[in-house]
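Okay everyone, thanks for coming. Let me put the structure up, and then I'll walk you through it.

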Amino acid sequence: MRRMPQMQENPSASPTNGQILKRLWRSLRPYYGRIAIALTLLIASTPGELFPAVVWRFVTDDIIIQKHGVPWMHAWFSFGGRIHDRFALLLVSIAWMFAVYLSGELLGTLETWMLNRVAQAFIFDFRNVVYQKLQSQSLSYLQRQRIGDLMSRTMGDVDELKSFIVNGIDSIVSDGILWLATIVIVFWSDWRVSAASLWPMIGVYFLLRYFNSKIRPIYTAARERLGDVSNRLQENLSGIVIIKSFNREKEEAARFEEATRKYYDAEVRGINARNLYFPFTRIIGFISNVCMIGVGGYYMIQGSFSVGELIMFRAYWWRLYGPISTLARVNDMVQRAVAAARRIFAVLDAPEELPDNADAVDLPNVVGAMRLDNVSFSYDRGERRTTVLHDLTIDIPVGKTVALCGPSGSGKSTILNLLLRFYDPTSGVVTLDGIDLRSIRRGSLRSHFALVQQETFLFNDRIIDNIRYGHADATMEQVIAAAKAANAHGFITQMRDGYETIVGERGVRLSGGQKQRISIARAFLANPQILLLDEPTSSVEPDSEAAIIAALDRLMAGRTTVLTSHRPSLINQADQVFVIEDGRITEQGTPRELHDSTGWFGKFIRFAEGTIDKDSDEAVVPPLQLED
Ligand SMILES: Nc1ncnc2c1ncn2[C@@H]1O[C@H](COP(=O)(O)OP(=O)(O)OP(=O)(O)O)[C@@H](O)[C@H]1O
Ligand SMILES: [Mg+2]
C-alpha cells in the first residue's frame with residue numbers, strides 16, 4: 001500500500017487547550033446528572049476534612065490551656081454549658097471529631113465510586129463512538145492512516161481521558177473547595193499569620209505557567225510516539241511470516257526499539273520537566289512554613305496568638321500547600337488529557353469522504369444491471385494525482401458475467417472498487433439499475449453485492465460464524481446447503497470439530513483453497529444479486545481450482561457477475577470480456593471472439609494454452625467433482 005500523508009493536526013488551525021477542554025466537558029453532557037450528584041457528595045464530605053483541625057485548636061486552647069478559646073464550639077460540645085468536667089468535654093470533642101471525620105470519609109468514598117462509574121461509562125461510550133466513526137470512514141481515509149496509530153488513539157488515548165475524569169474532576173473541585181474553605185478559616189482566625197503564610201503562593205502561579213508552556217509540546221509528542229510504537233507493533237505482528245522468512249527479526253527488533261526509544265525519550269523529557277517543577281513548589285511551601293512559624297511565634301510572644309491557633313495553622317498549612325502539589329498533578333493530567341483528546345477529536349472531526357447524496361434512497365430490490373459511464377478515476381486527489389482509469393464505459397447486463405482482463409496494475413480491481421462504491425469516480429457515473437450509486441444509501445447498495453477476493457479474510461471464529469457472517473440468522477440447514485454448493489461441506493465435515501472448528505487468526509488453520517470455498521459459501525448464503533470476483537482462483541492450486549470454479553459456476557448462475565482473473569478457465573465462463581490496459585479498454589468481446597486477437601488477450605490465451613501439455617489438458621480443468 002502506498003504511503004500517504006497521515007492524519008496530522010494542522011498546528012495553525014488546531015484548537016487551544018481551553019477549546020479542547022470545553023469540548024471534552026460538553027461530551028460529558030449525558031453524565032452531568034451523575035457528576036452533579038458526585039460533586040454534592042464531595043461538598044458534603046468537606047467538613048470531615050476541615051473539622052478535626054478546629055477541634056485540635058479547641059482541645060488545646062479551651063480544654064488544656066483554658067484560654068483564648070473557640071466559644072461557639074464550647075457551647076456546642078458542652079451542650080450549652082451543661083458539661084463542666086474537662087475530661088468529659090475532651091471525650092465529647094473526640095467523639096464529634098471522629099463522627100464528622102467518619103461521615104466525610106463515607107461520603108468521599110461514595111463520591112469516588114460515583115465518579116469512577118461515570119468515567120467508565122464515558123470511556124465505554126466514547127470508545128464506541130470513535131470506533132463507529134472509524135468504521136464509517138471511507139476506505140481511502142483508512143488506507144491513508146496507520147492502523148497501529150488508530151488503535152493507539154482508540155485505546156490508549158481514550159484511556160488517558162479516564163484518569164483525567166476520575167482524578168481531574170475530583171481533585172480540581174475537592175481541592176478547590178477545601179483550599180478556599182481553609183483560606184476563609186485561617187483568615188477568620190488570624191489574618192496576619194495567614195497573609196504571612198500565603199504570599200509565597202504567588203510564585204506558584206508563575207511556576208505553573210512556565211511549566212505548562214514547557215510540558216505541552218512534550219506530552220503531544222509523547223502521544224504521537226506511542227502511536228508510532230503501536231503502529232510498528234501492529235505492522236510487524238501482521239507481517240511476521242515475511243519477517244521470519246526473510247530472517248529480518250534482528251532488523252525489525254532494532255526498528256521497534258528505535259520507535260520505543262523515541263517514546264521513552266519523550267517521556268523522559270516529561271519526567272525532567274516535572275522534576276524541575278516539584279522541588280520548586282516544595283521550596284515555596286517551606287518558605288511559607290517558615291513565615292508561618294516566624295510570624296505566628298512573634299505574635300504568640302506578644303500574646304495575640306495562641307498555642308492552639310498555631311497547632312491549627314500547622315494542620316491547615318498542609319491543606320494550603322497540599323493543593324499545590326495536587327495542582328501540579330492535576331495540571332499535568334490535564335495536559336496529558338488534552339494531548340490525548342486532541343488526537344481523538346482529529347479522528348472524530350475527519351470529514352466523511354464519501355457522503356451519500358442528500359436525496360439518496362434505500363433500494364430494497366434491484367434487477368442488477370450496472371454500468372460505468374465515461375468513468376475516470378484517480379486514487380490521489382492531491383498534486384501527485386495519477387489517473388488510473390480513463391473514460392471507461394462498460395455495460396454489465398443483468399444476469400451476465402463480465403470478465404476484466406489485462407496486465408497487472410491496469411485498473412481491474414479499481415473498477416470493482418468503484419462498483420462497490422469504495423471510491424467515487426473522479427468524473428463520470430457508475431449506475432445500478434440506471435441509478436447513480438451516490439443516490440443509493442451505501443448500506444442498502446452493498447446489501448446487493450457479494451465480494452470474493454483473492455485473499456480471503458476470515459475472522460478468528462468458528463467456520464459456521466464465518467459462513468453466516470453477513471447473515472447471522474441463517475439456519476444450520478442453510479449454512480450446510482451453502483457449504484455444499486461451495487464444495488466446502490466435504491472438507492468441513494472431515495475436520496474434528498466440523499462447522500464448530502475455529503479457523504485461527506485470519507483463517508491460518510485452513511488452506512488457501514479451503515478459505516476460498518468458505519468465502520464462496522458466505523457469498524451463497526448472502527444470495528446477492530451482483531457478484532464481484534477479484535482473482536478468486538489465483539491463490540489456489542490447479543486441483544483445488546477445479547472445485548472452486550465449479551462452486552463459482554453455481555454461484556454465478558442467474559446473477560450479474562463481474563470478475564477479474566488471469567486464469568483462462570475462469571475467463572472462458574464469461575459472456576463478455578473487457579481487456580483493460582493502463583486504465584483504458586483496448587479489446588472487448590466474447591472469449592471466443594477474442595481468442596484469436598492480435599492484442600493482449602490473444603497473446604495471453606495463447607501463452608496460457610501453450611504452456612499446457614496437450615495430453616494433460618484435463619489436469620488443468622479436471623472433471624468437476626461435485627459433492628451433492
Ligand atoms: N489504494 C490505492 N491507492 C493508490 N493507488 C492505488 C491504490 N490501489 C491501486 N492503486 C494503483 O492503481 C493502479 C491500478 O491498480 P489495480 O489494483 O486496479 O490493478 P489491477 O488491474 O487489479 O492489477 P492486478 O492484476 O495486479 O490485480 C495501479 O497502478 C496501482 O498502483
Ligand atoms: Mg487486482
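Strands themselves (E, at least two residues) and helices (H or I, at least four) are DSSP runs, numbered from the N terminus.

And some housekeeping. This is a predicted model, where local features need pLDDT of at least 70, side-chain atom pairs count only at pLDDT 80 or more, and totals for chains, interfaces and linings use all residues. Residues are numbered from 1 along each chain as its sequence is written, and chains are lettered from A and ligands numbered from 1 in the order in which they are written.

Opposite L372 you'll find V430 in β4.

Now the open sheet. Six strands, mixed pairing, and the order is β6-β7-β8-β3-β9-β10. β6 (449-453) and β10 (584-589) are the edge strands with a single partner each, so one side of each has no neighbour in the sheet. Ignoring direction, neighbouring strands are turned by 15° against each other on average. Inside that sheet, β3 (residues 401-405) and β8 (residues 560-564) are parallel, with four bridges, and V402 sits opposite V562 in β8.

On to helices. What is the crossing angle of α17 and α18? Roughly 5°, with the axes of α17 (residues 512-526) and α18 (residues 542-556) coming within 10 Å. Those axes are lines fitted to C-alpha atoms, for helices over the stretch in contact, and angles run from 0 to 180 degrees between N-to-C directions. That makes the two helices roughly parallel (under 35 degrees; over 145 is roughly antiparallel, 65 to 115 roughly perpendicular, the rest oblique). Among the residues that meet are I520 and F524 in α17, and I548 and L552 in α18; contact here is C-beta atoms, placed from the backbone, within 7 Å.

Last, ligand 1. It is surrounded by 11 residues, and the closest are Y379, S408, K412, S413 and T414. To count as near, a residue's C-beta atom, placed from the backbone, has to lie within 6 Å. Helix α12 (residues 412-419) gives the largest share of that shell, three residues. Okay, over to you.

Methods. Contact = placed C-beta atoms within 7 Å. Pairing = 2+ DSSP bridges.
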